[in-house]
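Please open the model in a viewer and keep the selection panel at hand.

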Amino acid sequence: QAPDFCPQVGVVLGSGMGNLAANLKDARVLTYGQIPHWPPSHVAGHAGELRLGTWAGVPCAVMCGRVHAYEGHPAAQVAFAVQVLAKLGVHSLLLTNAAGGIAPHFNVGDLMVIHDHINFTGDNPLLGPNDESIGPRFFDMGEAYSPVARAMWQQAAGRAGLTLQGGVYVGVLGPNYETPAEVRMFGRWGGDAVGMSTVHEVLAARHLGLRVAALSLISNLAAGIGNQTLTHEEIGEIGRASQPRLARLLQQMLPLLASPNDR
């Protein structure tokens with residue numbers, strides 16, 4: 001990679017979405033094990049690679065898979081990757097994940113722009129002493145998911161010929177899927193989808209002042225809503241089947257995110 005390469009957008013590809021990184025041009029690939037202090041990912045469907053290259057004309061740093069707290073990593077380690085992306089120069093973070101649908105009007109395969117989240121993991125990556133050189137001790141989360149970026153999602157969807165849902169993401173610890181009673185509770189709280197990632201990364205990103213845009217693929221209906229038995233393999237298959245639509249969407253979204261203005 002050229003020594004002056006400076007990514008503008010960081011992209012995190014969730015379960016079953018890693019092959020989207022093939023859209024990068026002139027990519028340099030680093031396994032997470034090659035990066036000091038970066039924890040490995042041991043989850044099927046998460047390649048554990050950082051790729052640096054150009055996507056839709058935008059210099060990007062793309063994470064093919066993420067680490068999860070349920071693997072035994074402290075929340076601060078889960079968020080470490082976001083801090084590395086910020087050090088590389090990214091000003092915007094685009095997160096994707098696979099999530100279970102709670103909202104009654106959601107169908108498997110829907111794409112949901114995350115408007116807000118509920119942190120039900122019981123943890124926070126910013127516990128302990130604060131490094132003021134990274135971000136302030138106390139910071140606002142009133143617009144954690146950039147309203148400007150949310151409007152960009154709709155613009156990108158229009159160009160890609162897609163329809164997007166919107167809603168609140170509930171982050172849980174895992175690794176088990178939720179019980180029907182928990183899903184009913186999340187729905188009463190205002191949750192629209194539930195998953196085991198993203199919230200720690202968003203907390204770290206907002207601490208750093210990064211603009212956040214996030215998207216959930218509704219890979220299944222949450223327990224008590226759908227009748228199927230949930231498996232990681234089936235969820236990954238939905239992710240893989242959705243890659244052509246996601247590729248079209250990100251092809252339109254990334255150039256919009258490239259500007260650091262109007263976060």
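A residue is called buried under 20% relative accessible area, exposed over 50%, and partly exposed in between. The model shown is a predicted one.

Select cysteine 6 to begin. With a relative accessible area of 41%, cysteine 6 is partly exposed. Next select cysteine 60, which counts as buried because its relative accessibility is 0%. Display both sulfur atoms: the cysteine sulfur closest to that of cysteine 6 belongs to cysteine 60, 11 Å away and too far for a bond. The structure contains zero disulfides.

Now select helix α4, residues 199–208. How many of its 10 residues are buried? Eight are, and the helix is thus mostly covered. The buried set consists of Val199, His200, Glu201, Val202, Leu203, Ala204, Ala205 and His207. Show their surroundings: they pack against β1 (9–13), α1 (75–88), β5 (92–101), β6 (111–120), β7 (165–172) and β9 (211–221). Continue past α4 to glycine 209, where phi is positive, near 85°.

Finally, select helix α2 (residues 147–160) together with helix α6 (residues 243–257); their axes come within 8 Å and cross at roughly 135°. α2 is therefore oblique to α6. The crossing is right-handed. To view the contact, display side chains including Met152, Trp153 and Arg159 of α2, and Arg248, Leu249 and Met253 of α6. Colouring by class shows 11 nonpolar, two polar and two charged residues in the contact of α2 with α6.

Technical notes
Residues are numbered from 1 along each chain as its sequence is written. This is a predicted model: local features need pLDDT of at least 70, side-chain atom pairs count only at pLDDT 80 or more; totals for chains, interfaces and linings use all residues. Side-chain values use heavy atoms; hydrogens and water are left out. Axes are lines fitted to C-alpha atoms, for helices over the stretch in contact, and angles run from 0 to 180 degrees between N-to-C directions. Helices (H or I, at least four residues) and strands (E, at least two) are DSSP runs, numbered from the N terminus. Angles under 35 degrees count as roughly parallel, over 145 as roughly antiparallel, 65 to 115 as roughly perpendicular and the rest as oblique. A crossing is left-handed if the near helix is turned anticlockwise from the far one by less than a right angle, and right-handed if clockwise. Contact means heavy atoms within 4.5 Å. Ala, Val, Leu, Ile, Met, Phe, Trp, Tyr, Cys and Pro count as nonpolar, Asp, Glu, Lys and Arg as charged, and the others, Gly among them, as polar. Buried means under 20% relative accessible area, exposed over 50%, partly exposed in between (1.4 Å probe, protein chains only). A disulfide is a pair of cysteine sulfur atoms within 2.5 Å.
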